[in-house]
Amino acid sequence: MKQLSTDEKNILKLLGYGADTARTTAYLAGITSLGDRTVRNIIRRLVIDHGVPIVGVRSGSKPGY
């Protein structure tokens, strides 16, 4: 398994556990000063390359990751 980059570690720390703590891409981008696309790419890498179980919800009262 590859090591997590600094940005990957930072995003992973900011993600909550469960639907009640969902974080939007805009929120994560604002906190980390990264772009929305960069945040989405980091989350994709965490899921695909590192096997981190992250679920994204696009609708409902708590959208986010």
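Modeller: Helices (H or I, at least four residues) and strands (E, at least two) are DSSP runs, numbered from the N terminus. From that end on, the elements of the protein run α-α-α. This is a predicted model, where local features need pLDDT of at least 70, side-chain atom pairs count only at pLDDT 80 or more, and totals for chains, interfaces and linings use all residues. Residues are numbered from 1 along each chain as its sequence is written, and side-chain values use heavy atoms, with hydrogens and water left out.

Biologist: OK, how many salt bridges in the whole structure?

Modeller: A search turns up one, counting a side-chain nitrogen of Lys or Arg within 4 Å of a carboxyl oxygen of Asp or Glu. Arg 45 and Glu 8 make it, at 2.9 Å, N to O. Arg 45 lies in helix H3 (residues 36-48) and Glu 8 in helix H1 (residues 6-14), so the pair ties together parts that are 37 residues apart in sequence.

Biologist: And is Glu 8 buried or exposed?

Modeller: Buried, at 5% relative accessibility. The cut-offs are under 20% relative accessible area for buried, over 50% for exposed, and partly exposed in between (1.4 Å probe, protein chains only). Arg 45 has 26%, so Arg 45 counts as partly exposed.

Biologist: Switching topic: what share of the 65 residues is buried?

Modeller: Buried residues make up 25% of them.

Biologist: Last one, what are the spans of the C-alpha trace along its principal axes?

Modeller: About 35 × 25 × 15 Å.
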